[in-house]
Amino acid sequence: MKQIMSRIQAPTPPFFVKLRNIGLALTAVSIALTTSPLALPLVVVKIAGYLAIAGSVASAVSQAAVEGE
């Protein structure tokens, strides 16, 4: 557990910082779509769910990337 925390707190390479930010943006857009008060087609809601999963996974993996390993 200690190794995981130190890895997450270590500096992240610039490419993975950009990837993490893109993942966070995808997650934010998908949350906005799924919680919209408008009646959206089922396909849009389904795609938003997939975007939420993809964005959160990309953000988590990008945060765990470390330079030199």
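**Figure 1. Overall fold of the predicted model.** Read along the sequence, the elements of this predicted protein follow the pattern α-α-α. The radius of gyration, taken over C-alpha atoms, is 15 Å, well over the 11 Å that the globule rule gives for 69 residues, so the protein is more spread out than a compact globule. The globule rule is 2.2 Å times the number of residues to the power 0.38. There are three helices and zero strands; helices (H or I, at least four residues) and strands (E, at least two) are DSSP runs, numbered from the N terminus. Along the principal axes, the C-alpha atoms fill a box of roughly 45 × 25 × 15 Å. Residues are numbered from 1 along each chain as its sequence is written. Because the model is predicted, local features need pLDDT of at least 70 and side-chain atom pairs count only at pLDDT 80 or more, while totals for chains, interfaces and linings use all residues; side-chain values use heavy atoms, with hydrogens and water left out.

**Figure 2. Surface and contacts of the whole chain.** The accessible surface comes to about 5,100 Å², of which carbon and sulfur atoms hold 74%; such areas come from the Shrake-Rupley method with a 1.4 Å probe, and for residues only the protein chains shown count as cover. Of the 69 residues, 17% count as buried. Buried means under 20% relative accessible area, exposed over 50%, and partly exposed in between (1.4 Å probe, protein chains only). Among contacts with a separation of 6 or more, 79% join residues 24 or more positions apart, where contact means heavy atoms within 4.5 Å.

Figure 3. Helix α3 (residues 42-64) has 23 residues. From its first C-alpha to its last, helix α3 reaches 34 Å, close to the 33 Å expected at 1.5 Å a residue; the expected span is 1.5 Å times one less than the number of residues. The buried residues of α3 are Ala48, Gly55, Ser59 and Ser62, and they pack against α2. An α-helix has 3.6 residues a turn, so residues three or four places apart point the same way.

Figure 4. Thr27 counts as buried because its relative accessibility is 17%; Ser30 counts as buried at 1%. The side chain of Thr27 reaches the backbone nitrogen of Ser56 at 3.3 Å, and the side chain of Ser30 reaches the backbone oxygen of Thr27 at 2.8 Å. Leaving aside neighbours within four places in sequence, Thr27 is in contact with Ala52, Gly55 and Ser56, and Ser30 with Ala48, Leu51 and Ala52.

**Figure 5. The aromatic pair Phe15 and Phe16.** A search of the whole structure finds one aromatic pair. Phe15 and Phe16 form this edge-to-face pair, with 5.2 Å centre to centre and 75° between the planes. Rings of Phe, Tyr and Trp (its six-membered ring) pair if their centres lie within 6.5 Å; planes under 30 degrees apart count as stacked, over 60 as edge-to-face and the rest as tilted. Phe15 counts as exposed because its relative accessibility is 55%, whereas Phe16, at 27%, counts as partly exposed.

**Figure 6. Met1 and Ser59.** Met1 lies in the segment before α1 (2-9). With a relative accessible area of 75%, Met1 is exposed. Met1 and Ser59 are 58 residues apart in sequence and 19 Å apart in space, C-alpha to C-alpha.

Note on methods:
A polar contact is a pair of N or O atoms within 3.5 Å; within protein, one must be able to donate a hydrogen and the other to accept it, and residues adjacent in sequence count only if both atoms are side-chain atoms.
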